[in-house]
Each structure stands twice: as structure tokens, then as C-alpha cells.
Amino acid sequence: MGKKNTENKTAGAARYSAVFIGLFAALFALLIWNINTGSVDISIPDIAKIIFTGKGDETQVGIVWQLRMPRIIAAAVLGGGLALSGFLMQTFFGNPIAGPFVLGISSGSKLFVALTMIVALRFVPFVSSWMMIAAAFVGALIAMGFVLLAARSIKQMSMLLVAGIMISYICSAITEFLITFAQDADIVNLHTWAQGSFSGIKWADVKIFSAVIAACLAAVFLMSKPISAYQMGESYAQSMGVNVKCFRVLLILMSSLIAGCVTAFAGPISFVGIAVPHLIKLLLRTAKPIVVIPASFLGGAVFCLLCDYIARVAFSPVELSISTVTALFGAPVVIVMLIRRHGMRV
Amino acid sequence: MNEYYFRTSDLAVGYNGQTLIRDIEIKVKRGEILTLIGPNGSGKSTILKSITKHLAVINGDSFIADASVGAMTYKQLSRQLAVVLTERIKGELLTCYDVVAAGRYPYTNALGLLSEEDKKKVHSALERVHASELAEKDFAAISDGQRQRILLARAICQEPEIIVLDEPTSYLDIRHKLELLSILRSMAKENGIAVILSLHEIDLAQKISDKIMCVKGEVIEHFGTPDEIFKEDIIRELYDLQSGSFNIAFGSVELPAPSGTPDIFVIAGGGTGIDTFRRLQKENRPFYAGILYKNDIDSQVARALAAEVVEEEPFMPIGDAAFDRAMKLMEKCSRVICTNPPAGGCAGRLSELTQAARAAGKLE
């Protein structure tokens, strides 16, 4: 018996290692692939030279450093953040179909960022990244508040999603309305952003969101112990010594902060938050937060790098919105999950 | 220190500020089992949830070794008190081992990683509930009986001084009920753990508990040892038994006696009559029974089911009073059933009774 146990534990550890190695390999491959691809052809030796020495053809240096690199980092970091935020929301609602996009959290952020920009640009020449994050965070929290309000009266999980989607539509409608009538050159650019995109990210942005997301990732990882208790249900978590009330607040704040931060820079991006944690759990065959949290982050990075690659390249020079691509891959995963859940119990 | 390890003082419980039950005074020593019994919806779970801090109390407090539970943090409480709830454990892809290991939560490091010591404790908890072979099974795919054992192992793993269980035997078959309760019993006695649980099976409650609390109405009327509580009238009142009866000696229930004027007399004794009594009850035929010694096992059942039982004092020869009464009742009946009781020695006059019935052509 004891021997079998050890064997199983070793099998689990081997599986975890394999998944992590696979994810890192995929991440690395996609990073290179993404840098190497674009409307301007740059050879790999040239790119290596540009990255490691910073020298080369001036236009090419500009393309690699100012366009491709920030965008790639954004796709990786923000994608990882989305998956993380999705995982937290799934934990909070005890529902694998919860996520920042379907619950309308991303759209709430979007609305507040748009609103802030339109209002703020009348008074100041530009809106700082911090202000964007703050606005997105507030928007996320307000949308989350509505979802929680709905969750209190609606016990059925599928109905909760319907409520989230409705909130999402309302926020998007208001955002589009604002953008349409804003008639400001700066705000016209908002349109691309409002559809979700990793383009136009600057190094200054990269520094800020990387710091925020890295801090959140570390914090969430340190929360993996109470998260594992919370996965068993509130009552059991409490009996294990978790202060459930505080923990719930913390979960909401963290997931909203991450979702808000992502939305502030890349707009609302669909389905990453649901599909990635689900796929990661399938691969790992466990829901233990201590492995699922880092793996989901990596998975989100890989997923978004791949989707961004497709968005850029598929119909080049026309660029697709990132949500178009993530939905194409993510939505089927969600549908399969819904069907399987429905099959198990209503 | 107070001699009671766990006690409540002036406790009032309920929901949304509305008091459901007040003045609850629970007192449990180490190694004792306290069982809450009472009808559905009487508030057993409410009391248990209030003790475990899952529900805010309306008034009063609980004390573990004189430390106020209300003032404890959840973390402090988790090292003292473990629970087995009626609520299902959520979570995906959990093995039974994972569920039991969750009991180590209050003792593991900041990331929740299990030390070798923790792992040993998980295994010994699994052994304790005879579930080692379930360790790697998917928790969602095991039977109810297995699930309750795993949940108990989880609670054991938490190394509590008190375990609170809310209806742990629901949905279990009789074998698993006995198994679970005997594990609880040995844990209480061997490890000096105080056990507080609620049960629907009053027969089992009577047998495993050191203290019984009857939960019904706004105040607790009965709290005491099983022999103080298990009185026919207390149980009858507790569960509002209008018909049927509860047998104190066996802790078993009997359905109500058939009504109407009996036409059948059953000559029984020494346990030979029980089947006949129950059969007549099912056929809804009222009957008389006799002549039974008051200590006879037949007598216990006949008292619940027969219209009248002719009884005699234990170990005495059957006297004239009982014999005449039996003859008189037999005359009123058109049928007599003899279950062939042992009719020698002091019970010799049972044969006389049988012969009289045969002579009258009533014997079947």
C-alpha cells in the first residue's frame, strides 16, 4: 500500500515536471517565433544582434525594440494575468465557467478606463498608466459588485453567467456610445483597444504592468494554501482555520486588480480566463493551487502569445482583434466543459 | 479548571438575529460522547453550527477548556475542534488522500506543504477508519459510507480535542453506521476526545452516548445520561409519537397496535410469539396475548401490539388471577393461536390453556 502511494506520488510529480517543462518550451519557442514574424522580414541573426547588442539597422532596431518586444511581453504577462484572474474567480464562485470576461468584469474595467480617458483628457494632456490601472480596478470592482449582487439572489450558476454577460453587454454598449460621440483624435484610438489588442504597448507600460502582475502573481502564489482549503467549500475552509470573510474579500480584490490591470492595457480579452485554467487542470490532473497557479500563468502566456501571433499573421497586413482569436480557441473549451458538467449533474 | 472540557453558557442560537433555541447549557467532559436527538427541523444543526462558529450566536458563548470560543480566531479554533458536516466537500480532482491531508491544514507551513510527519499522520488517520485502500481513489467516486469514513479521517487528522459531527450516519447502511459509531466510541475513550454529534437513530444514540440532549422547542428540556433520557414518555413527547411506541429496553420502535375488538387469542412465551404478533399487526387484526411473564421478550412486543396482555410475575407459577383472565378473554375469541411456548415447570398451566382452546374447537 505504502509503496503504491509513493509510486502514485512520484507519477504525479513527474507529470507536473513534464507539464512545466512543456510550458516553458512552448513559451520560449513562441517568444522567438513572435519576434521573428511580422510584416517586415528580419533575419534571425539580425534579431539576435539587435536584442543582445542593440546594434543594427535603425528601422529594424526600432521594429524589434519598440514594436515587437513590448507587444510580446504584453501578450505573455497580461495573458498569464488573465488566466490567473480566471482561476481566482473560479475559486471564488466554485464554478469552472467563471472568468473576468464572461462575468463582465473586463467590460466594467473597459467602461471606466474609457470614461476616465474622455473626462481626464479635457483637463490634462495625457492619462498616466497608473490612472488607467486605477480606473480599470474601480470598474472591475463595480462590475464584480453587480455580479455578487446577482449571485446573492441567483443560486444557479448558469444564471450567474447570464447576469455577467448582460452586465458585459451593458458596459460595452455604454463604452461604444462614449467612444462614438467623443470625437477626439486620442479617443478614436480607443476603438482598437476596446476590442482587445496587444498592439501599441510602450515600454513604460510594460514596466508598470509587469510590476503589478508580478506582485499579484507572488501574492496569489502565497495564497495557495487558503485557496486549497477554500476549494473544499466555505464551511470546511473555516473549520480548517481560514478566516473566510477576509479571504473572500482578498480573492475579489486580487482577481479584480489583475483583471483590471490587464484590461487597462489590452482591453477586454475573451475566454483566456476560463479555458486556460481548465486545460491546465486537465493536463496536471489536479486542482492543487500550488501547481495550478504557476502553471496557469505560464499557460495563459503561451495561449496569448499563440493567439496574438495568429491575430497578427493570419490575415496580414489586416490585424484581427485578439478576442476574435482567443474566442475561437477558448469558446469550444468552455462549451465542452458545460456539456460535461451538465452530464455529471444538473 | 472546570471539570467539563467543553461547555456552553447561556447560549442562544438562531438565524438572522431570530432566536430559535435559548438557554442552552451543554457540558461535556473529555472522552465523552454527547448526542443531540430530536425531530427534523428542531435545530440540532443550528446548535452544532453555532458551537463550531459557522453561525454567529445570538447570545452566550461556548468554552473549550475555559477559553471562550467567541474570542478565539478561526486558526486557534481549528487546532481544538474538527468537524464533519452534512455539506458536501467541493473541489475537483481530489483523491481521498488529499481530502484527509486537508486536515493537516492548521499545522502545515505557509505554502501548505506536508512534512513527512504530516504524511504519517494522514496514513494513520486513514488506517484508523479502515480506509487505507481508498487513499488514491477519486473522492467524488466513492460510496456514502466510504465518504463519511474519509471525512472522519480528515477530522482525526486535524488532531482536535473536540469533534463535532452533524448527522454523520445519514445515508449509511446499518453496517457502516455501526462501524462509524464504534470508531467514534473508541476514539473518544482511547484519545480522550470529546465528541458532539447529532443522530436520527435514537436506538444508536442510546447505545453510544454518555450524554443525551433532547432538542425540541425554544428551550432544552432534557439533558442527561441515556438512562435518564430514554423514558417512554420523554421520547414519546420529543418525537410527538401519537401512534406506535418506542421500546426503551431495545431502543426499537413498534407500529401502532391494530384497533377494534380482538377475535384472536395468542398463547405465546419465551420469544415464540413475536413473529405472530407482528404478522397480526400487519394484517391489522387486533388480538390478545398471554400468559406472558413480565420479563419475557414476547411481553415487550405484545405490550406494544396486543389489545391486552395477560401477564404473570417473573419466575412464579401461573396464578389463578392470570389464568382466569386468559380463559375469559379466550372465550370472547373465535380463534386461538398457540405458538408452542415452552410450557413446563412453573409455566405448566399454559398446556391447560391450550387444551381448553382445543376442546372448544378454537385452536388453529
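Predicted model: local features only at pLDDT ≥ 70, side-chain atom pairs only at ≥ 80, totals over all residues.

Residues are numbered from 1 along each chain as its sequence is written, chains are lettered from A and ligands numbered from 1 in the order in which they are written, and side-chain values use heavy atoms, with hydrogens and water left out.

**Exercise 1.** Determine how the axes of H2(A) and H3(A) are arranged, and which residues make the contact.

*Solution.* Helices here are DSSP runs (H or I, at least four residues) and strands likewise (E, at least two), numbered from the N terminus. The axes of H2(A), residues 44–53, and H3(A), residues 58–93, come within 10 Å and cross at roughly 70°; axes are lines fitted to C-alpha atoms, for helices over the stretch in contact, and angles run from 0 to 180 degrees between N-to-C directions. The two helices are therefore roughly perpendicular, a term that covers 65 to 115 degrees. In the contact (heavy atoms within 4.5 Å), H2(A) supplies Asp46(A), Ile47(A), Ile50(A) and Ile51(A), and H3(A) supplies Gln60(A), Val61(A), Val64(A) and Trp65(A).

**Exercise 2.** Describe the interface between chain B and chain A by its residues and its buried area.

*Solution.* Chain B contributes 38 residues and chain A 28 residues to the contact. About 2,800 Å² is buried between the chains, 59% of it on carbon and sulfur atoms, where buried area is the accessible area (1.4 Å probe) that two parts lose on being put together, summed over both.

**Exercise 3.** Decide whether Leu34(B) is buried or exposed, and find what it touches.

*Solution.* Leu34(B) lies in strand S4, residues 33–37 of chain B. Its relative accessible area is 0%, so Leu34(B) is buried (under 20%, whereas exposed is over 50% and partly exposed in between, with a 1.4 Å probe and protein chains only). Beyond residues up to four places away in sequence, Leu34(B) touches several residues, including Val195(B), Lys211(B) and Phe223(B). Val195(B) is 161 residues from Leu34(B) in sequence, yet their C-alpha atoms are 6.1 Å apart.

**Exercise 4.** Locate the partners of the salt bridge between Glu218(B) and Arg22(B).

*Solution.* A salt bridge is a side-chain nitrogen of Lys or Arg within 4 Å of a carboxyl oxygen of Asp or Glu, and in this pair the closest N and O atoms are 2.8 Å apart. Glu218(B) sits in the loop between S10 and S11 and Arg22(B) in strand S2, 196 residues apart.

Terms used:
Parallel < 35°, antiparallel > 145°, perpendicular 65-115°, else oblique.
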